[in-house]
Each structure stands twice: as C-alpha cells, then as structure tokens.
Amino acid sequence: MSDPSLLDWQDGQPVSRLYGDVFFSRTSGIEETRHVFLAQNRLAERWRALAPCSNFILGETGFGTGLNFLCAWQLWQECAPVDAWLHFFSVEKHPLSADELRAALVLWPQLAAQREVLLAQYDDALTSGWHRFVFAASRITLTLAVEDIAAALPQLDVAADAWFLDGFAPSRNPDMWSSEVLDQVALHTKAGGTFATYSAAGEVRRNLQSAGFIVDRVAGHGSKREMLRGELPQSRASKTSKPWFDRPKTTHTRHAIVIGGGLAGVCATASLAWRGWKIDLIERHTELAAEASGNAQGILYARLSGHATPLRDLVIAGYGYSNRILKECALSSQDHAQCGLLQLAFNEDEAKRQALLSSHDFPESFLRAVDRAEANTLCGVEVSSSGLWFAQGGWANPRALCEALTSHPNIRLHLHSEALRFEKQDSDWRVLGEDDQCIAHASTLILAGANDIEAFSQCEHLPLTTIRGQITALPVTTVTNTLKAVVCGESYIAPARHGVHTLGATHKFRDRSTELRVEEHAENLSALAKLLPNIDSQLEVAELDGRAAIRVSSPDYLPIIGPIADESAFNTSYAALSRDATTDIDTLSPWLDGLYVSTAHGSRGLISAPLAGEILAAYLNDEPSPIPKSVTDAVHPSRFLLRDLIRRRSE
Ligand code: SAM
C-alpha cells in the first residue's frame, strides 16, 4: 500500500525503509538503468529490427519508482517501428503513492514527457490486484501486478521477450531472487528471450542457470565490477493442465467485425483500433448505447465481496481501468463526474461485509469506512447509515463514452444495420443482414450483443439470463438538490445531470419487456427512501419518466469474455472428463476460429466492459492479459461446457 513511511530520502535519493536499500544507483540511476537493463538486453537493436505490427513483451520484477519503465518507454519511442506495441508487465508489492513517484521521477528531467503521461493515470488507489494502463499514443500497455512476486508470476499467461530483474540487493530481499521466483521467470520467457540484472551474486547466477538461462558476467555500471545478463536457449513452456482454456492461435489479418454498439462492443472495438486493427462495428439502432448501456447515468460502483474471489479481482481491475479510460476520454462534466460513491451499511449482512472489507489493507483513497456524520458531509444530504466511501466512484453517461471511444479513424460504424446471422467462408466470417446481404467479412468476429447473442446458433451453449431493469428519472427535489455523491444501498441515486437524478434500478428476472411501469417507479422511490430518510414520499409516480432495458447475466454472475469453442467437438474432445474429471488430456480446444464474445456484464458493464476490450485484445495479439490467469479462466466462455461435462459424471 502507498504508506509514506515506506520511503526515506537520503541526499535527495529515495531509499526503501522496508528493505534498507536504494531504488537506483546513488551516482546516476538513469545511466545505470540504461546500461544494465536496456543495453544488456540489447533492446535498441532488437526494437529496431522488429517486424511491422509486432509486439514486444518486457517483464520486470519490482516497479518501484517506474524509472526503468520510463527509460524503456523513451527508448521504445526512439527505436520501435511506428505500428509495434510494447507490453510492459511489472510486479510491485508496495506501490509508491503518486506524490512519491513524482518526487522520485522529477530527478530525471529528460523523462519529463513520459513521466507526466504516466502520472496522469497513476494514483494512490492502486490496491492489491492487477492494474492495466494503456498509453495508446506511445503504443504501450503497462500491466502492474500489485502483489508478491511469488503469487504474480504463475498468473502471467504469456512469455516475455526480455526481463528486468530489479528487486533490491539479494542480501536485503532474498524473496525476489529465490530459485522458485527465477524458475517462474524462465517459465515465462520465450526461446531466445533475455534477462539483465545489476546483481552479480553467486546464488542469483546459480538460480538463473538452474532455471535454464545461459548466464554471462559482464562489466557493471560505474563502480560496480560485474553484473549478470543472459538468454534462455529454449522455451520451457510446458503443456498446461487445462488445455480447454489455452489461448487459440492468433491470425494476423488485424481486421475484425464487432456486433453490438453498446459498451461491450465499443470497448472491444476501441482496444483493437488503438492497436491498429480495422474494425467494422455493427449496431442495429441508429445510435450507439441504445439498449442496456443507454441509461443517462451509469454508476462506477465497485461492489466487492469480503473474500478474495475472481469476481473481486475482476471488479478491482475493471474499476481502476474504467476510471483511467474515463479520464483519458475527458468527457464534459455533464457526462462524467468522479464525485465519490457511498455504499450504505443498510442491514446487518451488509455491515458485516463492509467490516470485513475495511479490515483488509485497502488504500484509503480506494475505500474507507465512514460514520454517518461524515457520510452526510461527503454526500451533501442526510443519508440513512454509515458506510464505505469510494472516493474514485461516480457516474458517467455511457453513450458519451461510447461516442468518444469510437471517434478513431480505424473504426467503420454500421449504424441501423442488423446482423441476423453469420457464417464462415474460407478464412472469413461473413455477417449477414436482411435479405442475406453481407454487411462485412473478416477473419475475426466479436459478439457483444447481450441477449441477441442467443439468436446465433454458435452460442447456444452460453447460459445467458436476462434481467429487466427500470430506472426512474427523478427531477431534483428540495432534499436531493444538494446531493453531491452517488449513494448506493439496495438501490442507488446519482447527483443530478441536467436537473434529473438517475434512480434505480429494479431487477426482474426473465422479463424481457421494456415498457415503463408505474409500479416499478414506486419500487424505486420506496428504495430511495431507504437511502435518504428525508425524501418526500409523496412524489407523483405516474408523472415520472424513466427507462427500462434488459441486462444479461450468467449463472455465476461473472461476464463471459473470450474465444468460443465448437460445442459438439468440445464435448467429443473432452468426453473423458465426464468419466473422470481429473483425466490428463492434452488435446487443444476445438475453437471456432476467430470467434470471440464479450457479454453477460449484468449491471456492472461500466466496470467490466472496458477491461473486457483489453482482455480480448490480449487474446488477439498474443499480449499479456490485464488480469491474472485464474480470472481469465473464470470468465472464459468454455467454463459452462466444462461444467456440464463434469456434472454429467455425477448424474
Ligand atoms: N525498477 C524500479 C525502478 O525503476 O524504480 C526499482 C525497483 S526497487 C530496486 C525493487 C522494488 O521491488 C521495490 O519497489 C519493492 O517494493 C519491490 N519488491 C520487493 N520485494 C517484492 C516482492 N516480494 N514482490 C513484489 N515486489 C517486491
């Protein structure tokens, strides 16, 4: 966590109090980074030689001040082809606060441009979990795993081209250099991949050698006599125990069709367009975000389980990423407000969940418990109880976000165009509309059309549940006109946008009609009275406006994100699992080549859909996923096929 007491300053240089060691060389940190990490991994030479549109994956143990990252970033801009992307994966157990990072990085005026771009996205709310940053103008992603190195590395789902091994001196921090950790580094290195470190310690050298690296001792920087660098002659990637979740082989045509112009489709479109893909985005309405993403105010609401679950990891990663994207899009104050969000402790169970969350080590700028008096002050109105305060929470207008994300020259919008079916012809998916007219064809097809996906035979095995939700558009009242934060309990109210609050939402399972219902306005108003005790309960419900839409969810409430397998071939390939779920099988999954899905975002699309775009981009470009492997598997479309096979065994 960003505890200021972790950092000490000696002679103007940052020193870790926890480890009693410097973050970089006292004489010249930047020169040491360039010599040790950049030069000894031969990055300039390798980057100049990259093929067009390629990727380079760079891993680091210990993000620290971000100096190595910024130096790599600067060199990347100087040397890499204009259409190549750098994916920087770094692990940091104790992230510095934004102020500390700034104070350390201002030592290097030559990196000011990169520093300011990083700091515009970096904040103090980096809690345990994985965090994705996209610096599209520089063609760089940063995936920062905030956790212990030993937990993070096994969750990385790709192999790196090069590694910066930088975890303080081995004598002060042996955990970073253990044989287990360096073995994981080797397991996540491509054949011919390299590492470099300032350390020349004998034990580090031996651990790297026994992990499979050919290790050289070369001259260190400045007064340091030696350092280590090396290369992995052959890949150590072994067969996985879950081949049904292994990544499909990527095609390289870099053209995709996306069906569905709501948040899920738009975010997948944007992530790929930034990476240079051409996208045909098909939407049957005349505007984007016209269905489940069509409410005037979507809530940035990180509802977290008290326990560590894949859903919690996903929500943490998605919440931070959505906030970063919203900041980048710079929507107007009428379309986005990071006004803070209060989760009320509205009953005993909720109070218990909140107590559990507050007992965890979350940074205060991420969440903190507040008593009722403070909650009233933060929200500007009297609220019904104490609660949890999420300073980065707020609301956004999803349509404005969708419009901002689709204003990219690589995106061709097909509005008012309904995709009725699709078929494979040669290597392309052809998407057909009315009268079997081909709307577009491409080797990659992403389905992001919520419950419309059910109409496509290739997706029959995805168990989607529909939930009708009605919101009420409540004109400002004498009680609510001072409301300045989002208040959530069993329902929510957002501060007014154009004089109207969004209030909601009802949950009606398996009800697909979207007409407005007076009784659901009444439901929303009585739920509001539980949030704000002074609310006037005499409001005339029949005169209220609102909106009803259908959300789509899955049986385990996790979204469905990833490649789609051929159902019958899958059942044949893995039939042995229905006899014995522990059978060792190494058959690759029979994918429907190039077919992907992003759906079942339920009512938290504003948090999960932007990250889902990055997850799909990672599959399609052989990049690191923005979330740990266990979470990628938890949201994988094939999880249902697998469960059904295994269940069959017990029937
Ligand atoms: N690369 C950094 C830079 O450019 O400023 C310097 C890294 S500093 C020498 C080492 C970093 O490793 C520290 O920030 C420390 O918090 C982190 N660290 C130490 N032990 C760790 C562990 N077990 N897991 C993850 N990070 C760890």
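In this predicted model, the second largest pocket is lined by 39 residues, and those that lie nearest its centre are D157, S238, T240, D246 and K629. The volume of this pocket is about 1300 Å³. Of the contributions to the lining, the largest share is that of α17, with 4 residues. By residue class, the lining of the second largest pocket divides into 15 nonpolar, 10 polar and 14 charged residues.

The ligand is surrounded by 21 residues, of which G62, T65, E92, D166 and N173 are the closest. This shell divides into 7 nonpolar, 8 polar and 6 charged residues.

| Residue and its atom | Ligand atom | Distance |
|---|---|---|
| Y19, polar side-chain atom | nitrogen | 3.1 Å |
| G62, polar backbone atom | nitrogen | 2.8 Å |
| N68, polar backbone atom | oxygen | 2.9 Å |

On its own the ligand has 600 Å² of accessible area, and the protein covers 98% of that area.

Turning to the strands, β1 (residues 7–10) and β2 (residues 13–16) pair in the antiparallel sense over 4 bridges. Within this pair, W9 stands opposite P14 in β2. The two strands β1 and β2 form a hairpin with 2 residues between them, and D11, which lies in the turn, has a positive phi of about 50°.

An open sheet is formed by 3 strands in the order β14-β19-β15, with antiparallel pairing. Its edge strands are β14 (298–300) and β15 (336–337), each of which pairs on one side only. The pairing of β15 with β19 (residues 394–396) is antiparallel and extends over 2 bridges, and here A337 stands opposite W395 in β19. In general, strands of a sheet pair through backbone hydrogen bonds, in either a parallel or an antiparallel arrangement.

Methods:
Residues numbered from 1 in each chain as written. Predicted model: local features only at pLDDT ≥ 70, side-chain atom pairs only at ≥ 80, totals over all residues. Heavy atoms only, no water. Pairing = 2+ DSSP bridges. Near = heavy atom within 4 Å. Polar contact = N/O pair within 3.5 Å; in protein donor to acceptor, adjacent residues only side chain to side chain. Areas by Shrake-Rupley, 256 points an atom, 1.4 Å probe, with all protein chains shown as cover. Nonpolar A, V, L, I, M, F, W, Y, C, P; charged D, E, K, R; others polar. 1 Å grid on protein atoms, 1.4 Å probe; cavity = no way out; pocket = protein on both sides within 12 Å on 5 of 7 lines; lining within 4 Å. Points joined across faces, edges and corners; volume = space filled by probe spheres on them.
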